[in-house]
Amino acid sequence: MSMTALINHLYAAWQRGPVSEVRLGSQRAVLVTGPEEVRRVLVQDAAYYTKQAHRARSLLGDGLIVATGDAWKRQRRTLQPHFTAPAVRRYERHISDAAQRLARRWDALADTGEPTDIGEDMRFFALDTIWRLLTGTPLDAHTHRELAAIDTVVAALPTMGSTPRDGSGSGSGSGSMDGSGGSGSMDGSGGSGGPDIGGGGEQAAALARIDAVASRAVAAAREAAPAAKTGILHSLVDLPDQLLRDELVTLIVAGHETTATTLSWLHLLLHRHPRWREWALREGAAGYQALIGEALRLYPSVWLVPRHAAVATELGGQAIEAGTRVLVCPYLTQRDPAWWPAPTSFDPRRFAAKPRPGTYHPFGVGPRACLGQHFSLREMQVLLETLLPHHVPRFTGPQPAPAFAVTLRPEGPLTATLHRP
């Protein structure tokens, strides 16, 4: 099914109610958008709505996002302490240094008038930040070039996978530190040996480049002097080699894609609605947080979260047969006029009050909600605090349309010139 056809199907189903049937080719699925029903699927009855074999296993291996059952619980316990709110405060220097690095680049571009791709700049910032967090060192040019292979692999992933053979599998998207969604959250292709991502030699070469980066980083972490062991990777070196590689790649992929995408959308939104930049500068931290919240509401990177009904259940007054694919769609829920007045308007003041449970879930909810939520939100706020007072991107091309694929990205490139207020 084409992406246009999928979106049209989902929109039509959404109009019929909070739980509605949707046909995906020859398959029957159920779309869930109502707040109470979303919480049933992702929180209260999460044990009944499982995930499927992960289509990005060839990239992520058995890392946290792909892991299931007891393995997932062990891995989550290992990583969780590094991403709590108190832990994130310890990373302020890494986040600030990465933000200042981009600010210096933008200062130089503002002086010369040379255009830049804002999307690429946001990806570099987010990748630099997570690399510093993991290794304790800035992202170097060679590693940056090699990690561009991640985009090659992710671009080859199918947006909608196949119907699962059973309900035992799990997994989720490839761009969120969780098991509930994220970049590539429409999982379900492939079997236990991992999906065939297509592309033959190109994808194999891309995976080899990623593996080489991971191998070098792991070797450096294990050989580091005690005083130099400042990254998360240094605390994981006792893991088996393959699992350490898988967790490292998972954290790299998960730790930068959704953040970069959200920041790209936010710069576009501020270009269209410049008064909100001045508003946020007046409001300070609360204003920056509201900008981020509203960008995530309109354009959640985790735009579609699939589940599999492991047993026969009832949802929203409808019978759900065992084996049914269940699709939770934050993009539609977060644009529902029943919960969000003037839902397509960009209005950060909405976040003066806490949203009703189930109406806003860009990081997922429930037991496998995004592990990196605190880190991502703080990272974005620091960048806005660094850039917004001093830089105004002015986009030179047509306004990009949303690209509903593995993530909800703006179609690029996002060419802009940088100006001082």
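**At what angle do the axes of helix H6 and helix H7 cross, and within what distance do they come?** The axes of H6 (residues 92–112) and H7 (residues 118–135) cross at roughly 150° and come within 8 Å. Everything here is a predicted model, in which local features need pLDDT of at least 70, side-chain atom pairs count only at pLDDT 80 or more, and totals for chains, interfaces and linings use all residues. Residues are numbered from 1 along each chain as its sequence is written, and side-chain values use heavy atoms, with hydrogens and water left out.

**View 1. H6 meets H7.** Helices (H or I, at least four residues) and strands (E, at least two) are DSSP runs, numbered from the N terminus. Axes are lines fitted to C-alpha atoms, for helices over the stretch in contact, and angles run from 0 to 180 degrees between N-to-C directions. H6 and H7 are therefore roughly antiparallel to each other (angles under 35 degrees count as roughly parallel, over 145 as roughly antiparallel, 65 to 115 as roughly perpendicular and the rest as oblique). Their crossing is right-handed; that word applies if the near helix is turned clockwise from the far one by less than a right angle, and left-handed if anticlockwise. Look for the contact (heavy atoms within 4.5 Å): on the H6 side you'll find, among others, Ile 95, Leu 102 and Trp 106, and on the H7 side residues including Met 122, Phe 125 and Leu 133. Sorted by type, the contact residues of H6 and H7 come to 10 nonpolar, 2 polar and 6 charged. Here Ala, Val, Leu, Ile, Met, Phe, Trp, Tyr, Cys and Pro count as nonpolar, Asp, Glu, Lys and Arg as charged, and the others, Gly among them, as polar.

**View 2. H7 also packs against H11.** Helix H11 spans residues 241–272, and its axis sits 8 Å from that of H7, at an angle of about 145°. H7 passes H11 in a right-handed crossing. Spot Ile 130, Trp 131 and Leu 134 among the H7 contributors, with Leu 248, Gly 255 and His 267 among those of H11. This contact of H7 with H11 has 13 nonpolar residues, 6 polar and 1 charged.

View 3. The H6 and H15 axes are 9 Å apart, and the packing angle is about 40°. H6 and H15 are therefore oblique to each other. The crossing of H6 past H15 is right-handed. Trp 106 is one of the H6 residues here, and Phe 375 and Leu 383 are among their H15 partners. The tally for H6 with H15 is 9 nonpolar, 3 polar and 3 charged.

**View 4. An open sheet of 5 strands.** The order is S1-S2-S8-S5-S3, and the pairing is mixed. Strands S1 (19–24) and S3 (49–50) are at the edges with a single partner strand each, so one side of each has no neighbour in the sheet. Two strands pair if DSSP finds at least two bridges between them. S2 (residues 27–32) and S8 (residues 325–328) pair in the parallel sense over 4 bridges, with Val 30 opposite Val 326 in S8. Helix H1 (residues 3–14) lies across S1, S2 and S8, at about 155° to S1. Helix H2 (residues 35–44) packs on the sheet too, and its direction makes about 120° with that of S8.

**View 5. A sheet of 3 strands, with H6 on it.** This open sheet runs S4-S12-S9 and its pairing is antiparallel. S4 and S9 take the edges with a single partner strand each, so one side of each is left without a neighbour in the sheet. H6 packs on the sheet, touching S4, S9 and S12, and its direction makes about 85° with that of S12. S4 (residues 116–117) and S12 (residues 415–419) share 2 bridges: Asp 117 is opposite Thr 415, and Thr 116 has Ala 416 as its partner. S9 (residues 392–395) is joined to S12 by 4 bridges, with Pro 393 partnering Leu 418.

View 6. Most residues other than glycine have a negative phi, and most peptide bonds are trans. A cis peptide bond joins Gly 412 and Pro 413, with omega about 0°; Pro 413 is in the loop between S11 (408–410) and S12. Ala 342 has a positive phi, near 45°, and is found in the loop between H14 (330–333) and H15 (373–387).

**View 7. How confident is the predictor?** pLDDT is the predictor's confidence in each residue, from 0 to 100. The chain's mean pLDDT is 88, and 89% of residues reach 70 or more. Residues 161–175 stay under 50, and residues 179–198 are below 50 too.
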